[in-house]
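Please read it alongside the coordinates.

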Amino acid sequence: MAKSQKKTRRVGRGPGLHKRPDRVESEQKLIEAGIDVFSEYGYDGASVQKVAERSGVNVSLISRYFGNKEGLLYAIAKLYAEDIQTRRFEYPPQDTVVEELLAYAKADLEDNLKHKDMLRVLIGRCAVDEKFRIETLKNIPLDQI
């Protein structure tokens, strides 16, 4: 095979194919920047340009990876839903069921307060956008929480 005809390995989302490491890194940067920007400006004040600037990633990749600003917010909501399903609280065993429930509720509240600005955006968006609420709730199996 000639030098100019290098073999390339196809990378993508199809069966047996994987995301490229640079794509995973770019998506992660965009999600982290999205959390910061949505938390700071709210949904309406956030823009894909602000997210791209904060992440250091080209703005066109938001469209490629997430479709648009709403798609990025869906991806963030999905991460929060996964976190809710897998989080574990560490607190000492309590003497009674009531004390146990109170300790659990306190730990849950403290964990949620760490993300209060982003949760405000997600809950607010669910309150005003029925389509967003329906799509978001599809990612949160409430029977597993």
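Helix 1 and helix 2 cross in a right-handed manner (left-handed if the near helix is turned anticlockwise from the far one by less than a right angle, right-handed if clockwise). This is a predicted model, in which local features need pLDDT of at least 70 and side-chain atom pairs count only at pLDDT 80 or more, while totals for chains, interfaces and linings use all residues. Residues are numbered from 1 along each chain as its sequence is written, and side-chain values use heavy atoms, with hydrogens and water left out.

- On the helix 1 side, the contact residues include Ala33, Val37 and Tyr41, and helix 2 contributes Lys50, Val51, Arg54 and Ser55 (contact means heavy atoms within 4.5 Å).

**Alanine 33**
- Alanine 33 belongs to helix 1 and is buried, at a relative accessible area of 3% (buried is under 20%, exposed over 50%, partly exposed in between, with a 1.4 Å probe and protein chains only).
- Apart from neighbours within four places in sequence, alanine 33 touches Val51, Arg54 and Ser55.
- Its C-alpha atom is 10.0 Å from that of valine 48, 15 residues apart along the chain.

**Aromatic rings**
- Four aromatic pairs turn up in a search of the whole structure (rings of Phe, Tyr and Trp, the last by its six-membered ring, pair if their centres lie within 6.5 Å; planes under 30 degrees apart are stacked, over 60 edge-to-face, the rest tilted).
- Phenylalanine 38 and tyrosine 43 are stacked, because their ring centres are 5.9 Å apart and their planes at 5 degrees; both residues are buried.
- Tyrosine 65 and phenylalanine 66 pair edge-to-face, at 6.4 Å centre to centre and 85 degrees between planes, and both are buried.

**Charges over rings**
- The charged end of lysine 50 sits over the ring of tyrosine 41, 3.8 Å from its centre (NZ of Lys or CZ of Arg within 6 Å of the ring centre and within 35 degrees of the ring normal).
- For lysine 69, the charged end sits over the ring of tyrosine 43, 4.2 Å from the centre.

**Whole chain**
- The protein chain has seven helices and zero strands (DSSP runs numbered from the N terminus: H or I of at least four residues for helices, E of at least two for strands).
- Buried residues account for 32% of its 145 residues.
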